[in-house]
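Q: I have a structure to discuss and would like to go through it piece by piece. May I put some questions to you?

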Amino acid sequence: MTVSDAAAVRVAAIQMVSTPDVERNLADAEALIAEAAGRGANLVALPEYFCFMGRSDREKVAIREREGHGPVQDFLAAQARRHGIYLAGGTLPLECPDPDRVYNTAFVYGPDGAALARYDKIHLFNFRRGAESYDEALSIRPGAAPVGFDAAWGRVGLSTCYDLRFPELYRALGQVDLILVPAAFTYTTGQAHWEILLRARAIENQCYVLAPAQGGTHPNGRRTWGHAMLVDPWGAVQSVLPEGPGVVDGLLDPARIAEVRAALPALRHRVL
């Protein structure tokens, strides 16, 4: 089935202010997933690091899981099955060949609770200005391949946070109807670039973009930008939550995708 054959579906992005306490984060996520499902969302997406925001970058290595089972993976599968939804699980620390690093992995679960896709974040954030400094490569091993999956109503492309700055990743996904961008953008970079980049990815790929986010001041002192949002294929922001925990939702309308692609057939005009 192509998206043009499907009815409109409701999708939801969750915003959190995650902590170093995994159990607390899972409880918070559970309540927000239930809220989104209660609004009728068919797909619910959690933010990057939804399950753990430690006080140092390396703390995530201690809670890494093996693919297939673990407290966080089991939680996500159970929530997808309980609500009968597609659940994109933000990211969690997954075991990798390096003993001192992890993959920053996004799992997607279907309405039956079965895993549908796994994406390991490819681009690792590195930023330094004054006292503000980040280097994800110290604790994260990069992934290598773009990943998408087919929902009942269309194709979904996966990406994570810093990936947003690399448009070639989205071209490599092929034609999709929805792009997910779970993120934990810093306040500094988010204020400058978050919305404009999300809207650009929607415009150039003529699809919806759903961006769950971390949004607030965390116990480790880090402040994230938030502004979880849904953007339509023309680049219009449909819904946004500036800061704090909550749910952003809206309709993914196949007629809107078809309208935009017919009026301005840029995807067919590609040369390079």
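Q: Let us start with H2. Which elements cover its buried residues?
A: This is a predicted model. In the model, the cover over the buried residues of H2 includes helix H1 (22-38), strand E3 (86-88), strand E4 (92-95) and strand E5 (102-109).

Q: And which residues of H2 are buried?
A: The buried residues in H2 are Val-72, Gln-73, Phe-75, Leu-76, Ala-77, Gln-79 and Ala-80.

Q: What span should H2 have, and what are its end C-alpha atoms apart?
A: Helix H2 comprises 13 residues, 71-83, and at 1.5 Å a residue these should span 18 Å. The C-alpha atoms at its ends are 18 Å apart, so the two values agree.

Q: What follows H2?
A: Gly-84 follows H2, and its phi is positive, near 65 degrees.

Q: Turning to the whole protein, how many helices and strands are there?
A: The protein has 5 helices and 16 strands. Its radius of gyration is 17 Å, close to the 19 Å that the globule rule gives for 272 residues, so the protein is as compact as a globular protein of that length.

Q: What are its dimensions along the principal axes?
A: The C-alpha trace spans about 50 × 45 × 35 Å along those axes.

Q: How much of it is buried?
A: Of the 272 residues, 56% count as buried. As for contacts between residues at least 6 apart in sequence, 66% of them join residues at least 24 apart.

Q: A change of topic: what is the volume of the largest pocket?
A: The volume of the largest pocket is about 300 Å³. It is lined by 15 residues, of which Ser-56, Asp-57, Lys-60, Asn-220 and Arg-222 are the closest to its centre.

Q: What classes of residue make up that lining?
A: The lining of the largest pocket consists of 6 charged, 5 nonpolar and 4 polar residues.

Q: How many cavities of 30 Å³ or more does the structure hold?
A: There are 3 cavities of 30 Å³ or more. The largest cavity contains about 80 Å³ of space.

Q: Which residues line the largest cavity?
A: Among them are Glu-48, Lys-121, Phe-125, Glu-136, Cys-161, Tyr-162 and Arg-165. The lining also includes Ala-184, Phe-185, Thr-186, Thr-189 and Arg-222. By class, the lining of the largest cavity divides into 5 nonpolar, 2 polar and 5 charged residues.

Methods. Residues numbered from 1 in each chain as written. Predicted model: local features only at pLDDT ≥ 70, side-chain atom pairs only at ≥ 80, totals over all residues. Heavy atoms only, no water. 1 Å grid on protein atoms, 1.4 Å probe; cavity = no way out; pocket = protein on both sides within 12 Å on 5 of 7 lines; lining within 4 Å. Points joined across faces, edges and corners; volume = space filled by probe spheres on them. Nonpolar A, V, L, I, M, F, W, Y, C, P; charged D, E, K, R; others polar. Helix = DSSP H or I, 4+ residues; strand = E, 2+ residues; numbered from the N terminus. Expected span 1.5 Å × (residues − 1). Buried < 20%, exposed > 50% of the residue type's maximum accessible area, 1.4 Å probe, protein only. Contact = heavy atoms within 4.5 Å. Rg over C-alpha atoms; globule rule 2.2 N^0.38 Å.
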